[in-house]
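Hi everyone, thanks for making the time. I'd like to walk you through one structure this morning, so let me put the sequence and the model up on the screen.

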Amino acid sequence: MGGIISSNKKKSTDFSPEATKAPINLLIAGAPAAGKGTQSEILRDKYRVVHISTGELLRAAVEAKSELGLKVKHYMENALLVPDDLIIDVVCERLNQQDCRENGWLLDGFPRTEAQAKALAKAGLVPDCFIMINVPESFVLERITGRRVDPVTGNTYHIKFNPPPEGEVADRVIQRSDDTEEKIVKRYSDFTANIDAIKSFYQEVTLHVDGTKHKEDVQSQIAVKLNEIQEKKQEGK
Ligand code: AP5
């Protein structure tokens, strides 16, 4: 598909043992600021999956003033979910590209509605694991307001839990325009309104993880399950 934006800003050169095994297809879900992006950065490097964040994809489209960007700008600025018909085809086409078929994919922030989950199933795009990061609402505000993003690498930091390196990086990090107390209320209510319907699609492949732990602990919870899945795939089970 021409002009599609991949969120893999940072390319991995680290061929971990996991990356040489059978490719896996993953969905990662959770409330705003649950840690989806943080875990996705680690999973992308470890398993060499193609990381597609619909939030990043949409923000990049707005910044580039592409056709899609002009259509979704209003929704993004007001922290509203973009209409299903604007995002579904973009995602399904991206997942059918060769790099996703060869390396596996990690979809972050999609499906966000029942219609999006139905569309994935209709397109035959079935995840090996639905990673559900659970955090209580009380964690969300502190994580959101403290988040900082490096516009050069796309890496995410937190002023308290994971401060950016002193100097150049600390000087250039920015705060997302939707990371305000006012907008988080809307984003969180969209999440709670939709998540049960989405979960019901993936019951058999769901992995619940405790997102309140340190990011390395969260990653360990995920890795145990993914290694098991890879081994089964390798053995053709
Ligand atoms: P999107 O960018 O997907 O936003 P989101 O779902 O609200 O998720 P976030 O990116 O805010 O949080 P995260 O879970 O990735 O947390 P992170 O790892 O950064 O979507 C933005 C908008 O795009 C939507 O509102 C909507 O308008 C639109 N959109 C996107 N997809 C759509 C779709 N499919 N359909 C319709 N519209 C769509 O972590 C947060 C902070 O916490 C960071 O500072 C991090 O350092 C810190 N942190 C992370 N883990 C830990 C930990 N374990 N301990 C301590 N701190 C941690």
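Let's start at the ligand, with Arg143: an N or O atom in the side chain of Arg143 sits 3.4 Å from a nitrogen atom of the ligand. Before I go on, please keep in mind that this is a predicted model.

At Lys36, a backbone N or O atom is 2.9 Å from an oxygen atom of the ligand. At Ala34, a polar backbone atom is 3.2 Å from a ligand oxygen. And which residues come nearest to the ligand? There are 33 residues around the ligand, and the nearest are Thr38, Leu80, Arg147, Tyr157 and Arg187.

Now have a look at Ala33. Ala33 belongs to the loop that links strand S1 (26-30) to helix H1 (36-47). Its phi is positive, about 70 degrees, even though Ala33 is not a glycine. As background, most residues other than glycine have a negative phi, and most peptide bonds are trans.

Is the peptide bond from Phe110 to Pro111 cis or trans? That bond is cis, with omega near 0 degrees. You'll find Pro111 in the loop between strand S3 (105-108) and H6.

H1 and helix H10 (residues 215-234) have axes that come within 11 Å and cross at roughly 45 degrees, so the two helices are oblique to each other. Their crossing is right-handed. On the H1 side, the contact is made by Thr38, Gln39, Ile42, Leu43, Lys46 and Tyr47. H10 brings Lys215, Val218, Gln219, Ile222, Ala223, Leu226, Asn227 and Gln230. By type, the residues of this contact are seven nonpolar, five polar and two charged.

The next pair is H2 (residues 54-64) with H3 (residues 67-77). How do these two lie relative to each other? Their axes come within 8 Å and cross at roughly 110 degrees, and H2 and H3 are therefore roughly perpendicular. H2 passes H3 in a left-handed crossing. From H2, the contact uses Gly55, Leu57, Leu58, Arg59, Ala61 and Val62, and from H3 it uses Leu68, Gly69, Val72, Lys73 and Met76. Sorted by type, that contact has seven nonpolar residues, two polar and two charged.

Last pair: helix H6 (residues 114-122) and helix H9 (residues 181-201). Here the axes are 8 Å apart and the packing angle is about 20 degrees, which makes H6 roughly parallel to H9. This crossing is right-handed. Glu114, Ala117 and Lys118 of H6 meet Ala197, Ile198 and Phe201 of H9. Among the residues of this contact, four are nonpolar, none are polar and two are charged.

To recap the helix pairs: H1 and H10 are oblique, H2 and H3 are roughly perpendicular, and H6 is roughly parallel to H9.

Conventions. Residues are numbered from 1 along each chain as its sequence is written. This is a predicted model: local features need pLDDT of at least 70, side-chain atom pairs count only at pLDDT 80 or more; totals for chains, interfaces and linings use all residues. Side-chain values use heavy atoms; hydrogens and water are left out. Axes are lines fitted to C-alpha atoms, for helices over the stretch in contact, and angles run from 0 to 180 degrees between N-to-C directions. Helices (H or I, at least four residues) and strands (E, at least two) are DSSP runs, numbered from the N terminus. Angles under 35 degrees count as roughly parallel, over 145 as roughly antiparallel, 65 to 115 as roughly perpendicular and the rest as oblique. A crossing is left-handed if the near helix is turned anticlockwise from the far one by less than a right angle, and right-handed if clockwise. Contact means heavy atoms within 4.5 Å. Ala, Val, Leu, Ile, Met, Phe, Trp, Tyr, Cys and Pro count as nonpolar, Asp, Glu, Lys and Arg as charged, and the others, Gly among them, as polar. A residue is near a molecule or strand if one of its heavy atoms lies within 4 Å of it. A polar contact is a pair of N or O atoms within 3.5 Å; within protein, one must be able to donate a hydrogen and the other to accept it, and residues adjacent in sequence count only if both atoms are side-chain atoms.
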